[in-house]
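Me: I have a model to go through with you. Can you take my questions one by one?

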Amino acid sequence: MGDKKGNGGFALLCCFVALGVAAVITFITYLLPLISTDIAVGGDVMNILDLVCKIVSLIGLAFGAFAFAGRHGGFFKVLTAIFVLVFVAAIVLVIVGIV
């Protein structure tokens with residue numbers, strides 16, 4: 001408990017929640033229509049679910065990556081920040097409709 005870097009509990013929780021949300025969205029959008037032909041996911045709903053999946057994936061991955069980088073030095077912190085910025089820029093471009 002006296003570890004100054006912590007045990008990564010919050011980062012691990014974010015990774016777990018992101019994985020769960022992404023799994024549910026993936027099930028709804030890709031696997032559920034295969035199981036039942038009566039269920040169809042509309043285009044707008046599919047776009048929103050895909051965006052939510054990307055955002056929760058970003059959150060989970062970012063917290064996990066920053067927890068890792070915090071234990072491995074400045075180079076990994078900078079690299080992680082660059083990766084997260086690229087991911088955020090791509091999501092913003094999708095939201096705005098450029099990509």
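Reply: Helices (H or I, at least four residues) and strands (E, at least two) are DSSP runs, numbered from the N terminus. Just after H2, glycine 73 takes a positive phi of about 100°. This is a predicted model: local features need pLDDT of at least 70, side-chain atom pairs count only at pLDDT 80 or more, and totals for chains, interfaces and linings use all residues. Residues are numbered from 1 along each chain as its sequence is written, and side-chain values use heavy atoms, with hydrogens and water left out.

Me: How many helices and strands does the protein chain have?
Reply: Three helices and zero strands. Along the sequence the pattern reads α-α-α.

Me: Where does H2 run, and what does it span?
Reply: Helix H2 covers residues 43-72, which is 30 residues. From first C-alpha to last it reaches 42 Å, close to the 44 Å expected at 1.5 Å a residue. The expected span is 1.5 Å times one less than the number of residues.

Me: And H3? What does that one reach?
Reply: H3 has 23 residues and reaches 33 Å between its first and last C-alpha, close to the 33 Å expected at 1.5 Å a residue. Just after H3, glycine 97 takes a positive phi of about 100°.

Me: Which residues of H2 are buried?
Reply: Leu49, Cys53, Val56, Leu58, Gly60, Ala62, Ala67 and Ala69. Buried means under 20% relative accessible area, exposed over 50%, partly exposed in between (1.4 Å probe, protein chains only).

Me: What covers them?
Reply: The cover includes helix H1 (9-35) and helix H3 (74-96).

Me: What about contacts? How many join residues at least 24 apart?
Reply: 59% of the contacts between residues at least 6 apart in sequence. Contact here means heavy atoms within 4.5 Å.

Me: Switching to cysteines. How many disulfides are there?
Reply: Zero, from a search of the whole structure. A disulfide is a pair of cysteine sulfur atoms within 2.5 Å. For cysteine 14, the nearest cysteine sulfur is that of cysteine 15, 7.0 Å away.

Me: Is cysteine 14 buried or exposed?
Reply: Buried, because its relative accessible area is 12%. Cysteine 53 also counts as buried, at 15%.
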